[in-house]
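Welcome! Here is a short briefing to read alongside the sequence and the 3D view.

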Amino acid sequence: MPIHMSTQISSVWEVMRGEFKLNHQIERSEIQRQLRWLVAHPEYIQQLSQAKPYIYHIVTEIKKRKMPGEIALLPLIESSFDPFSYSKVGAAGLWQIMPVTGKELGLKKDWWTDHRRSITPSTNAALNYLSYLNNVFNGNWDLTFAAYDAGAGTVLRAIKRAGQSQKQADYWTIALPQETRMYVPRLLALAEIIAHPE
């Protein structure tokens with residue numbers, strides 16, 4: 001018997017919750033601040049309704065790779081799940097991939113085509129890039145997400161300035177751009193709300 005789309009979509013959130021692997025660190029003041037902000041701005045979370053055409057594919061790919069399910073929430077922060085989103089610095093698509101990064105990841109871009117806006121190739125590229133960054137940062141997902149937002153070079157320089165080793169680096173104690181300081185707490189707070197909607 002075929003599954004109705006609405007049933008499939010509601011169950012995909014359950015699958016995503018089941019794939020959450022990270023400590024959401026809700027005891028941290030930065031996470032608490034984001035939780036309060038999200039509760040005060042329900043319209044932000046309601047943008048998840050725009051995820052419906054894409055979320056099943058994203059969660060399936062994340063699950064296949066045994067990556068943390070929290071990654072499926074990155075497009076909400078990046079683009080509000082809008083594949084036609086375009087930033088003033090040139091990032092495009094659900095995952096807000098920069099042109100140079102897209103080219104390095106093998107995404108086609110010419111006059112007619114921009115695979116950064118296409119769900120299958122852009123999700124594949126974003127997950128490949130996140131895997132690469134996670135290797136660079138020795139399995140530390142907080143630093144991986146920070147590098148996805150600010151660039152690996154920015155995070156590596158911040159680690160060096162803090163006098164920390166790359167292996168022992170701590171996202172919470174290095175000086176990063178303001179947007180990146182908010183990026184990881186917002187992702188973890190969002191995941192906590194999805195995990196415990198009550």
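Is Tyr-44 buried or exposed? Tyr-44 is buried, with a relative accessible area of 12% (buried means under 20% relative accessible area, exposed over 50%, partly exposed in between, with a 1.4 Å probe and protein chains only). Please keep in mind that this is a predicted model, where local features need pLDDT of at least 70, side-chain atom pairs count only at pLDDT 80 or more, and totals for chains, interfaces and linings use all residues. Residues are numbered from 1 along each chain as its sequence is written, and side-chain values use heavy atoms, leaving out hydrogens and water.

**Aromatic rings**
- The whole structure holds five aromatic pairs (rings of Phe, Tyr and Trp, the last by its six-membered ring, with centres within 6.5 Å; planes under 30 degrees apart are stacked, over 60 edge-to-face, the rest tilted).
- One of them joins Trp-37 and Tyr-44 edge-to-face, at 5.3 Å centre to centre and 75° between the planes.
- Trp-37 is partly exposed, at 30% relative accessible area.
- Ring pairs also link Tyr-129, Tyr-132 and Tyr-148 into a cluster.

**A charge over the rings**
- Arg-186 lies over the face of Trp-37, 3.9 Å from the ring centre (CZ of Arg or NZ of Lys must be within 6 Å of the ring centre and within 35 degrees of the ring normal).
- Arg-186 also lies over the face of Tyr-44, at 5.1 Å from the ring centre.

**Helix 9**
- In helix 9 (residues 152–161), the buried residues are Ala-152, Val-155, Ala-158 and Ile-159 (helices are DSSP runs of H or I, at least four residues, numbered from the N terminus).
- The face turned away from the buried side of helix 9 carries the exposed residues Arg-157, Lys-160 and Arg-161.

Methods:
Helix = DSSP H or I, 4+ residues; strand = E, 2+ residues; numbered from the N terminus.
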